[in-house]
Amino acid sequence: MACNIENNKINVINPVTGAIIDSLPMTTKEELETLLIENKNYKEWQELSVNKRCKVINKFRKNIVKRMDEIIDTLSLENGKKKFESTMEIFITLEHMKQS
């Protein structure tokens with residue numbers, strides 16, 4: 001993914017066309033520190049049993065499959081990949097998630 005930083009925003013750039021796809025606000029140092037201090041999700045994740053973690057990962061996998069076309073388009077735009085390459089990347093990721 002190509003990007004540049006301008007006016008406290010991260011511009012996501014299509015590496016093939018050079019066009020700005022989207023802009024994201026940068027997180028301030030203070031916001032990041034607050035997020036890290038208040039992060040309860042990681043503690044909750046640590047306390048989950050392996051069985052429950054697998055259920056969460058499988059639910060996430062199903063959501064990836066449901067939104068696969070959107071994810072393929074985004075990967076292709078942001079990375080300059082052909083749709084076939086983006087599709088293969090998703091399938092490989094899903095297979096890795098299945099193995100965990």
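At roughly what angle do the axes of helix α4 and helix α5 cross? Keep that in mind while you open this predicted model.

**Stop 1**

Select β1, β2 and β3. These 3 strands form an open sheet, ordered β1-β2-β3, with antiparallel pairing. Colour residues 2-6 and 20-25: these are β1 and β3, the edge strands, and each pairs on one side only.

**Stop 2: β2 against β3**

Select residues 9-13, which make up strand β2. Antiparallel pairing joins β2 to β3 over 5 bridges. Now pick Asn-11 and look across to β3: Ser-23 stands opposite.

**Stop 3: two helices**

Move to residues 68-79 for α4 and residues 83-99 for α5. Here is the reply to the opening question: the axes cross at roughly 120° and come within 9 Å. Angles from 65 to 115 degrees count as roughly perpendicular and those over 145 as roughly antiparallel; α4 and α5 are therefore oblique to each other. Their crossing is right-handed.

Show side chains at the contact. On the α4 side, select Met-68, Ile-71, Ile-72, Asp-73, Leu-75 and Ser-76. On the α5 side, select Lys-83, Ser-86, Thr-87, Glu-89, Ile-90, Phe-91 and Leu-94.

**Last step: colour by class**

Which classes of residue does the contact of α4 with α5 have? Colour them and count: 7 are nonpolar, 3 polar and 3 charged.

Key:
Residues are numbered from 1 along each chain as its sequence is written. This is a predicted model: local features need pLDDT of at least 70, side-chain atom pairs count only at pLDDT 80 or more; totals for chains, interfaces and linings use all residues. Side-chain values use heavy atoms; hydrogens and water are left out. Two strands pair if DSSP finds at least two bridges between them. Helices (H or I, at least four residues) and strands (E, at least two) are DSSP runs, numbered from the N terminus. Axes are lines fitted to C-alpha atoms, for helices over the stretch in contact, and angles run from 0 to 180 degrees between N-to-C directions. Angles under 35 degrees count as roughly parallel, over 145 as roughly antiparallel, 65 to 115 as roughly perpendicular and the rest as oblique. A crossing is left-handed if the near helix is turned anticlockwise from the far one by less than a right angle, and right-handed if clockwise. Contact means heavy atoms within 4.5 Å. Ala, Val, Leu, Ile, Met, Phe, Trp, Tyr, Cys and Pro count as nonpolar, Asp, Glu, Lys and Arg as charged, and the others, Gly among them, as polar.
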